[in-house]
Amino acid sequence: MITYSIHEKTVNFRCKWDTIHNTITITDRTDTTKRNVFEYITLPRSNMQLKGRWLGKNTFMQLTNMPIDSFILIKDKFLFTEEDQ
């Protein structure tokens with residue numbers, strides 16, 4: 001798993017799936033003592049709900065299955081200006 005910050009900094013994690021206990025363990029690649037465990041529920045249409053702790057905070061998320069072809073990526077920079085009136 002890779003996370004992106006607002007400043008486009010990336011952090012890599014390892015994911016271990018346990019289909020018997022319905023958990024996903026996400027471990028920092030550089031510090032294996034940092035673990036985040038999520039319980040998951042499979043929903044219709046291959047969607048999922050995850051519940052666990054991320055960076056010390058209780059986290060709940062719902063993931064929607066999307067084909068990678070449907071993503072629109074824009075890598076252009078935008079210039080915002082403020083004009084006095």
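These entries record what I looked up in a predicted model.

**Basis.** I worked from a predicted model, in which local features need pLDDT of at least 70 and side-chain atom pairs count only at pLDDT 80 or more, while totals for chains, interfaces and linings use all residues. Residues are numbered from 1 along each chain as its sequence is written, and side-chain values use heavy atoms, with hydrogens and water left out.

**Sheet.** I took strands as DSSP runs of E, at least two residues long, numbered from the N terminus, and counted two strands as paired if DSSP finds at least two bridges between them. I found an open sheet of six strands with antiparallel pairing, in the order 1-2-3-4-5-6. Strand 1 (2-4) and strand 6 (57-63) each have a single partner strand and stand at the edges, so one side of each lacks a neighbour in the sheet. From one strand to the next the twist averages 25°, with axes as lines fitted to C-alpha atoms and angles from 0 to 180 degrees between N-to-C directions.

I then looked up strand 5 (residues 48-54), which is joined to strand 6 by seven bridges, the two running antiparallel. R53 has N58 in strand 6 as its bridge partner.

**Aromatic rings.** I counted rings of Phe, Tyr and Trp (its six-membered ring) as a pair if their centres lie within 6.5 Å; planes under 30 degrees apart are stacked, over 60 edge-to-face, and the rest tilted. This gave three aromatic pairs. W17 and Y40 pair edge-to-face, at 5.4 Å centre to centre and 65° between the planes. W17 belongs to strand 2 (residues 10-18) and Y40 to strand 4 (residues 35-42), so the pair ties together parts 23 residues apart in sequence. I noted Y40 as buried, at 9% relative accessibility (buried is under 20% relative accessible area, exposed over 50%, partly exposed in between; 1.4 Å probe, protein chains only). One aromatic cluster is formed by F13, F38 and W54.

Methods:
Helix = DSSP H or I, 4+ residues; strand = E, 2+ residues; numbered from the N terminus.
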